[in-house]
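The sequence and structure are shown below.

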Amino acid sequence: MSGARPRSLRWRLLAATLAAAAAALALAGVVLAGLFRAEVLRQFDAALTAQLDQVTARLEFDAEGRPRLEAATLSDPRWSRPYSGLYWQVDRRGPREQAAVLRSRSLWDAALTAPADELPAAAVHVHEIPGPAGTRLRLVERTVRAPVEQQAADEPAWRLLVAADLGETQAAIGRFNGVLAASLAVLLALLGAAAWWQVRVGLAPLGRLRGALARLREGQAARLEGRFPAEVQGLVDDFNAVLARNTAVVERARTQAGNLAHALKTPLATLLQAAEAAPTRPQALAELPHTVREQVVQARRHVDWHLARARAAAAQGLPGTRTEAVPVLEGLARAMRRLHAARGLEITVDGAGAGPAFAGESQDLHEMLGNLMDNACQWARARVGVHAGAVADGAAARGPRLHIVIDDDGPGIPEAQRAQALARGGRLDESAPGSGLGLAIVQELAALYGGRLGLQPSPWGGLRAVLELPAAPAASAAAAAPAAPPSARGG
């Protein structure tokens, strides 16, 4: 348990809160204690200065300039009580410096010893000095001179000292500091309790989230359920979206596996029937190689189709996937020229702007464009034209779109038969080679990426295949301008 606490979010928050609160309260305590002490000493010094003013007012000088002070004229009785804690003293300054020329009866046989410093006339200095019986005194002093008519020849200056015991004041400061420390400790405890409660309430949604995860793990729920704060709800929604995506992927995988198994049943049954008939029928034995080749090609096309669907479904929505369309089209055009070299087909590729890009896997784009261009070249009489461009889509959620238009000058497809041409296994001409899956694969892959395939009459008299796919963001910040329509090309 002790090893888990440092990794606990609750303990981290509590420790951080208590550390911050303790530091703040300690600083507040130091500041408050300092302010209280400064204020108490200020008032103490003000009272001492008032006593110094009284002593100064009662000080007189004789004809020879010597000071005298009648103790009876001072109002505070502590001046006359030995070691009462309130003292005054007069020192002589000058060439014949003398301490304790006059002093209060409260000093008895002791004397005040103040630090040696120069005092301007009427200025008051404050010191802390040791006093009688080990006490600590607060002392104020000023320098005075006798009237001009009473000054002696050497014109001495007289230093008036008034001091008071700091014991009671220091005791009051100590009591205040004790009460302050106890109060701050209680406040820290209350803040700690409040922080603990706040952390408990604040982290309660995480406990509910852990419970929801436990129910999900135990199979009691298919998604995270419950109401959570806004700071946690986004995570819950994202996690549920991942769960939904994984569920969809599993369902698609099961469906595709079933479809593939169903699609392979016919070729496998045909091969099994041919193999069983070959030993007993010479004609069946002679047809066996052709049957095997035909059914293997059919099975391979089915496998390729389902693999393409699976790959596109897995790649759908992956961020950062980008495939330049024009290089793919140019590469396919070179391959088609070599493949149909005997027919002398003219195959042109036109890419708008800097080159539109497909927001998907390169293999899927090759699969779709290869099927479309191969279909166009099979039926074209003399030429095939390809135009690629990016257009801005009106729906903000769809983003920019990639349009690829493939025209041929072949016989074309009547409008009534275009839906059949896009169906799985739909073949309009049984004499032509193929399985009827090419256009269906293109339509299926485009749909998985959120695109579509359309068949239209071409301005050249043949068929126009319009493939719309999601476009990757352009390298520059400028919005893609609509590409010129392919029908603007010379026919």
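## The second largest cavity

In this predicted model, the second largest cavity has a volume of about 40 Å³. Its lining consists of Arg-37, Leu-41, Glu-128, Leu-166, Thr-169, Gln-170 and Ile-173. Three of these residues are nonpolar, two are polar and two are charged.

Helix H1 and helix H2 (167–217) each contribute at least two residues to the lining of the second largest cavity. The greatest share comes from H2, which gives three residues.

## The largest cavity

The count of cavities of 30 Å³ or more comes to two. The largest cavity holds about 50 Å³ of space. Around it are Leu-372, Asn-375, Ala-376, Ile-406, Asp-408, Leu-439, Leu-455, Leu-463, Arg-464 and Ala-465. Two or more lining residues come from each of helix H6 (362–379), strand E12 (401–408) and strand E14 (463–470).

By residue class, the lining of the largest cavity comprises seven nonpolar residues, one polar residue and two charged residues.

Helix H1 spans residues 9–58 and includes Leu-27. Leu-27 counts as exposed because its relative accessibility is 57%, and exposed means over 50%. Together with Val-31, Leu-32 and Leu-35, Leu-27 makes a nonpolar surface patch of about 380 Å².

Ala-57 also lies in helix H1. With a relative accessible area of 55%, Ala-57 is likewise exposed. Ala-57 and Leu-69 are separated by twelve residues in sequence, and their C-alpha atoms lie 9.6 Å apart in space.

Terms used: Residues numbered from 1 in each chain as written. Predicted model: local features only at pLDDT ≥ 70, side-chain atom pairs only at ≥ 80, totals over all residues. Heavy atoms only, no water. Patch = residues over 30% accessible without salt bridge, like charges linked within 9 Å, V, L, I, M, F, W, Y side chains within 5 Å. Areas by Shrake-Rupley, 256 points an atom, 1.4 Å probe, with all protein chains shown as cover. Salt bridge = Lys/Arg side-chain N within 4 Å of Asp/Glu carboxyl O. Helix = DSSP H or I, 4+ residues; strand = E, 2+ residues; numbered from the N terminus. Buried < 20%, exposed > 50% of the residue type's maximum accessible area, 1.4 Å probe, protein only. 1 Å grid on protein atoms, 1.4 Å probe; cavity = no way out; pocket = protein on both sides within 12 Å on 5 of 7 lines; lining within 4 Å. Points joined across faces, edges and corners; volume = space filled by probe spheres on them. Nonpolar A, V, L, I, M, F, W, Y, C, P; charged D, E, K, R; others polar.
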